[in-house]
Structures are given as C-alpha cells and as structure tokens.
Amino acid sequence: MSLKKLDAGQAAEQLRALPQWTLDAHAGAITREFVLADFMHAFAFMTQIAIAAEKHNHHPEWSNVYNKVLITWTTHDVKGLSSNDINMARICDQAFAGYAAAPTSA
C-alpha cells in the first residue's frame, strides 16, 4: 500500500476527531503540545511514543522541555499529511490519556 497525501478536505475531516491538534496547512503538518506532571512522566510518555513510532515505522519531529512535549507529525515522502500522521496522532492522544488520568505524587 502506497501512502497518499491527504487533501485539505480529507485532513479537516480526520482532524475533527483530534481537536487538540493544530493543522499547519502550509507545512502539511499537525502539532500538539502535551503537558505532563513532571520530567519523568514526559520522558516515559516520549518513550511510549518512540516505541509506537518504531513499530509503525513513522517517526515524529518533537522536542521536550521539562514536563512539556511538543510533537509534530508530517509525512516527508508525500510532502504533507498522510493517514500515518493521523494514526500516530491518535496513538499519542491515547497514550497521553493514561498519563492525564494518573494521579500525581506530591
């Protein structure tokens, strides 16, 4: 199966289910900032996403500062968004839901 670039309508439709992701139509990318309890939670979250990215052979552009993780998904092979980006954004949201629900230690 070859990857296809999502057109603007397809991207908008699929992003309705991912309301916390921001579309940069010019760059053909989606971005979200995740705020976790502390650096250890952020690092654990990044590790979980790294394992999923490797499994799906699709890797993010990202950065981490203390408890914040900024993730951008784009597909360089199609020069824009593909279904891989949407799928990985869903995986990020699902992973983050586990951290957001977890109690923080004082």
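Let's start with F39, which is partly exposed, its relative accessible area being 35%. Keep in mind as you look around that this is a predicted model. F43 is partly exposed as well, at a relative accessible area of 46%, and its place is in helix α2.

These two residues meet through their rings. A pair of aromatic rings is described by the distance of the centres and the angle of the planes. A search of the whole structure finds 6 aromatic pairs. F39 and F43 form one of them, with 6.0 Å from centre to centre and 35° between the planes, a tilted arrangement. Why are F39 and F43 separated by about one helical turn? Because they sit 4 residues apart in helix α2, which covers residues 39-56.

Together with M40, V65 and Y66, F39 and F43 form a nonpolar patch on the surface, with about 570 Å² of accessible area in total. Helix α2 gives the largest share of this patch, 3 residues.

Now turn to F45, another residue of helix α2. Is F45 buried or exposed? Its relative accessibility is 0%, and under 20% counts as buried, so F45 is buried. The ring of F45 pairs with that of Y99: the centres are 5.8 Å apart and the planes stand at 85°, so this pair is edge-to-face. The pair links distant parts of the chain, since Y99 lies in helix α3 (residues 83-101), 54 residues away from F45.

Conventions
Residues numbered from 1 in each chain as written. Predicted model: local features only at pLDDT ≥ 70, side-chain atom pairs only at ≥ 80, totals over all residues. Heavy atoms only, no water. Phe/Tyr/Trp six-rings, centres within 6.5 Å; stacked < 30°, edge-to-face > 60°. Helix = DSSP H or I, 4+ residues; strand = E, 2+ residues; numbered from the N terminus. Buried < 20%, exposed > 50% of the residue type's maximum accessible area, 1.4 Å probe, protein only. Patch = residues over 30% accessible without salt bridge, like charges linked within 9 Å, V, L, I, M, F, W, Y side chains within 5 Å. Areas by Shrake-Rupley, 256 points an atom, 1.4 Å probe, with all protein chains shown as cover. Salt bridge = Lys/Arg side-chain N within 4 Å of Asp/Glu carboxyl O.
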